[in-house]
Amino acid sequence: LGPSLDWIAEGKDQPFLLAYLTLSTHHNYGTPPDFPIKDYGTSDPILNSYLNAARFTDGFIKDLIGEFEKRGLMKNTVFIILGDHGEAFGEHGLRGHNFTMWEEGMRVLGLVYGPGVLPKAGRITGLRSTLDITPTVCDIAGLEPVEGKFAGQSLLQPVPDSRRLFFSGWSKNRVLAIKEKNFKYIAWPLLGRSEVYRVDSDPE
C-alpha cells in the first residue's frame with residue numbers, strides 16, 4: 001500500500017484513478033510466509049490454499065479502505081472491487097478457469113462501494129459483465145463517450161431482461177458460451193458437443 005498512498009499524496013488533492021491487481025487468489029494461491037494459515041475443513045489442500053488467499057486479499061482491501069478513511073478520501077472516492085473470473089475445484093470435472101463455463105468459473109464477485117458518493121445502498125440485479133465497469137465509472141463521474149458507444153452498460157442502471165452475454169475460454173476454439181435470461185448454452189466445437197442449462201432451476 002505504501003507506494004500507492006505516497007503517489008496519491010503527491011497528487012495534491014487532484015482527481016485520480018488507481019487500480020490494484022491482487023493476484024494472491026490466482027493459482028498457485030499464495031500468501032506471505034508469515035500469514036497464519038486457517039484450516040477450512042476441506043479435504044482438498046489446494047482449495048484450502050485458495051480460501052486462505054481470499055482471506056489474505058480481504059485483509060488487503062480492509063487495510064486499503066482504512067488508509068483512505070484516515071486520509072479523509074472516502075467522501076469523494078468510489079471503490080469497484082471485482083473478480084475477473086471464478087475458479088473451479090472439480091465441480092464439473094475441471095479445475096482452474098481456462099475452460100470453465102459453468103457458474104463456478106463465470107460468476108464473480110462485484111461490489112461498487114462509495115458511501116460518500118453513491119446515493120444509497122442496494123443490490124445490482126440482472127445479467128452483468130466485466131464490460132460494464134468502464135460505463136459505470138463514466139456514469140458516476142458524469143462522463144459520456146464523444147464517439148461510439150460502450151459494449152457494456154452501467155451497473156447503476158437497469159439492464160433489459162433480453163440482455164445476452166457471450167463468453168469464451170482461454171482459447172475461443174475450445175469452449176464458448178451464451179447466457180440469456182435463465183438459460184446458458186455451452187458449446188465445445190472441437191468435441192462436437194453442446195450443453196444447455198436452465199440456471200434458475202439448476203444453479204450448479
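Me: Which side chain does Glu-103 meet in a salt bridge?

Reply: This is a predicted model. In it, the side chain of Glu-103 forms a salt bridge with that of Lys-184, at 2.5 Å from N to O. Glu-103 lies in helix 3 (residues 103-106) and Lys-184 in strand 7, so the pair ties together parts that are 81 residues apart in sequence.

Me: Is Lys-184 buried or exposed?

Reply: Lys-184 is buried, because its relative accessible area is 4% and the cut-off for buried is under 20%. Glu-103 is also buried, at 12%.

Me: What does Lys-184 touch, leaving out residues up to four places away in sequence?

Reply: Its contacts include Met-101, Trp-102, Glu-103 and Met-106, as well as Ile-178 and Lys-179. Glu-195, Val-196, Tyr-197 and Val-199 are also among them.

Me: Glu-195 then. Which residue does Glu-195 form a salt bridge with?

Reply: Arg-193, with the closest N and O atoms 3.0 Å apart. Glu-195 counts as buried at 14% relative accessibility, whereas Arg-193 is partly exposed at 40%.

Me: Which residues do salt bridges with shared partners join into one network?

Reply: Glu-103, Arg-107, Lys-179 and Lys-184.

Me: How many salt bridges does a search of the whole structure find?

Reply: The search finds 10. One of the salt bridges is between Arg-164 and Glu-180, where the closest N and O atoms are 3.1 Å apart. Arg-164 is in strand 5 (residues 164-168) and Glu-180 in strand 6 (residues 176-180), so this pair ties together parts that are 16 residues apart in sequence.

Me: How accessible is each of those two, Arg-164 and Glu-180?

Reply: Arg-164 is partly exposed, with a relative accessible area of 44%. Glu-180 is partly exposed too, at 25%.

Me: Different topic. How many residues does helix 2 have, and how far does it reach?

Reply: Helix 2 (residues 45-70) has 26 residues. From first C-alpha to last it reaches 38 Å, close to the 38 Å expected at 1.5 Å a residue.

Me: What caps the N-terminal end of helix 2, and what follows the helix?

Reply: Asp-44 is the cap, with a side-chain oxygen 3.0 Å from the backbone nitrogen of Ile-46. After the helix comes Gly-72, which has a positive phi near 70 degrees.

Me: Which residues of helix 2 are buried?

Reply: Asn-48, Asn-52, Ala-53, Thr-57, Leu-64, Ile-65, Glu-67 and Phe-68.

Me: And what do the buried residues of helix 2 pack against?

Reply: They pack against helix 1 (2-10), strand 1 (79-82) and strand 4 (110-113).

Notes:
Residues are numbered from 1 along each chain as its sequence is written. This is a predicted model: local features need pLDDT of at least 70, side-chain atom pairs count only at pLDDT 80 or more; totals for chains, interfaces and linings use all residues. Side-chain values use heavy atoms; hydrogens and water are left out. Contact means heavy atoms within 4.5 Å. Helices (H or I, at least four residues) and strands (E, at least two) are DSSP runs, numbered from the N terminus. The expected span of a helix is 1.5 Å times one less than its number of residues. Buried means under 20% relative accessible area, exposed over 50%, partly exposed in between (1.4 Å probe, protein chains only). A polar contact is a pair of N or O atoms within 3.5 Å; within protein, one must be able to donate a hydrogen and the other to accept it, and residues adjacent in sequence count only if both atoms are side-chain atoms. A salt bridge is a side-chain nitrogen of Lys or Arg within 4 Å of a carboxyl oxygen of Asp or Glu.
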